[in-house]
Amino acid sequence: MSGSGAVESGERQVALSQDNLKGNKLLPQRYDSLDLESGAVSGYHRRSSKWLVILQLAFQSIGIVYGDIGTSPLYVFSSTFPNGINHADDVLGVLSLILYTLTLIPLIKYVFIVLHANDNGDGGTFALYSLICRYANVGLVPSQQAEDSNVSNFQLELPGNKRSRMASSLKSKLENSRVAKFFLFFATLLGTSMLIGDGVLTPCISDRVVWISAAILVCLFLFQRLGTDKVGYTFSPILLVWFAFIAGIGIYNIIHYDPTVIKALNPRYIVDYFRNNQQDAWISLGGIILCTTGAEALFADVGHFTVLSIQISTCGVVYPALILAYTGQASFLRKHPDLVSNTFFKSVPGPVYWPMFVVAVLAAIIASQALISGTFSIVQQSLALGCFPRVKIVHTSSKYEGQVYVPEVNYLLMLACIGVTMGFRTTVKIGNAYGIAVVFVMTLTSSYLVLVMIMIWKSNILYVISYVLIIGSVELIYLSSVLYKFDQGGYLPLIFAAVLMTIMYVWNNVYRRKYFYEVEHKLSPRRIKDIAANTNICRIPGLALFYSELVQGIPPIFKHYVENVPALHSVFVFVSIKSLPISKVPADERFIFRRVEPKELNMYRCVGRYGYMDVRNQEEPFERILVENLKQFIRDDYKFSPQSQESAHDSDEDTIHGVQKEALERDIEAVDKAWEAGAVHLIGENEVVAAEGAGIGKRLMINYAFNFLKKNLRGSETVFDIPHKRMVKVGMTYEL
């Protein structure tokens, strides 16, 4: 391979064959020691688990996580019985289905099982995908390489037991199957897109408040910039009142209308419901599953809170309130089956109707908050893993990690929500659209969870089979029902998903192609020395930070730079960013350095390591910390150099130590003087075009789709908030 080699003598290399590139995967045959070390960080501990903090987060979570699932009583019965109630006991059958569905999916599946599959405290589709990629080498993004297994957070495997053989067998099959890798990746993109589409649909569910919704939606999205912390404290009291109202009204209705409705706890009524209604009962499952809308937000939003805080708020407030609300509505319908089209408001007692109406309007709007917060977390994860175009990530809380805000995504969601709210009004149609998005994401989560249970948790096979037979089969039955209504509004989330998935696929595909191109054409150590030794190239005072995405060497754009600008700063640092498939990397372990030999060049390589939930340059002054870490590296480099180690056994120790000390002071002084003279940030802006002879599909994807996204979104300089007065962009065209 041309251009292969290390940056310093003796450094082992990563060789890539053409087959590796065609397989879209880096297969290290020899290790680059910088890349090896850049995958090793110490364990990272999340926020304090003190009870006061946990209870505060539990309170906040009510306003952030449960708006969607909490407002489902507004429309579940009307969506389940769009043509009215045929038999008196049908209400009991539907209530029984609702009670067991709420217990099986949101409570048992998500709260007690899925939440424990978090990735160092962060949840969502990408978190599950990250866990699987870290255990089995099935990732498609360049940052996921074999040496990353040295990161302590990668240590997922439980102590060996008799189930290890099955886990190893499944792992081997996944690693050796290209089809399985692409299926996992595309399923992740589709699931992520579906979840974001679900967030767009949420505010549209109540046609009664559609015009009010459009106005309040604008305020809701503008409010997001304040952050999850403030939004949670603002919305939580409103939703607490909401849950108190629906629970209290539920108790009143049970007592006032038909207390015997509690016999729906007997699953026999489910059997009777299907026996009496047959196909209609199966079709109605698409309405019943709406009682779980927003359940995925419990997992997607866990990064904003903690597992325990979500469990407390669910079991202590949300689940009991929903059970009472649905039971009360069923009791009302036993006496007034003709009012099923507007069950919620008709079942509200007269004296509290208007207060309930006001709270319902507010709750219906706040309902979208769960998916908005989840969308921000998902976008942050996918961005860090190279699966989403560059957008601005704002960390909104200094107290709680994981609380982020994405301005571009926020405003696009606002426009989409308003458009759907005004144009797609009916509860029945929006319910059908909801159903497909909700059940698909649930089914995908279950599929990933089974892999986690087998490979990582090494659960007893009987537990795995029980999960698949009980929860998995229930979700598949619901999925078959919602797909039946595809032409009745169910197509809408698929349209959203198709658009988002196309954007994510195009960005990730070209991102990987560009990365592999740089690896293939990186500069050799000899070429670097020739460039630095060229008498036509002068050295000027100052510190130059040359940014590139390439971790494994010097990018080809550097050659292009010196050919056009024959000057190098007195201290020159190649800065590359490595995104690890873990949630966070501690700030004090952010940077890894290597020298570019010989030492007299004062040239260094630097790798900045980030997890997918790290927010760059929010709390860390990137430039200053990099320089401080560089000076510490120089000290350590001399301290642990072979000459220093030999001096301990040499009779002339003071003389040798003195020489080393002078060289150390000289290098530190060079960095300080360069820093005082001023830092210049050199940004590699690579234009990409399809190579000559490429097919029409490849040309459309690279020349038009990718470049359109790149030109209309943020540049790479925004990642580090680089001052424009000290930034120089270096352009080069890659033919992919």
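In helix α24 (residues 557-564), the buried residues are Ile557, Phe558, Tyr561 and Val562, where buried stands for under 20% relative accessible area, exposed for over 50% and partly exposed for what lies in between, with a 1.4 Å probe and protein chains only. An α-helix has 3.6 residues a turn, so residues three or four places apart point the same way. Glu563 and Asn564, on the other side of α24, are exposed. The packing partners of the buried residues of α24 are α23 (525-533), β3, β4, β6, β7 (679-689) and β8 (727-735).

The model is a predicted one, in which local features need pLDDT of at least 70 and side-chain atom pairs count only at pLDDT 80 or more, while totals for chains, interfaces and linings use all residues. Residues are numbered from 1 along each chain as its sequence is written, and side-chain values use heavy atoms, with hydrogens and water left out. Helices (H or I, at least four residues) and strands (E, at least two) are DSSP runs numbered from the N terminus.

Six strands form an open sheet in the order β5-β6-β4-β3-β7-β8, with mixed pairing, two strands being paired if DSSP finds at least two bridges between them. Since β5 (591-596) and β8 stand at the edges with a single partner strand each, one side of each is left without a neighbour in the sheet. From one strand to the next, the twist averages 25°. Within this sheet, strand β4 (residues 567-580) is mostly covered, with 13 of its 14 residues buried.

| Strands | Sense and bridges | A bridge pair |
|---|---|---|
| β3 (residues 538-548) and β4 | parallel, nine bridges | leucine 545 with valine 573 |
| β4 and β6 (residues 603-611) | parallel, nine bridges | lysine 578 with arginine 609 |
| β3 and β7 | parallel, five bridges | tyrosine 547 with isoleucine 683 |

As to confidence, the chain has a mean pLDDT of 78, with 77% of its residues at 70 or more, pLDDT being the predictor's confidence in each residue, from 0 to 100.

Note on methods:
Contact = heavy atoms within 4.5 Å. Axes fitted to C-alpha atoms, helices over the stretch in contact; angles between N-to-C directions.
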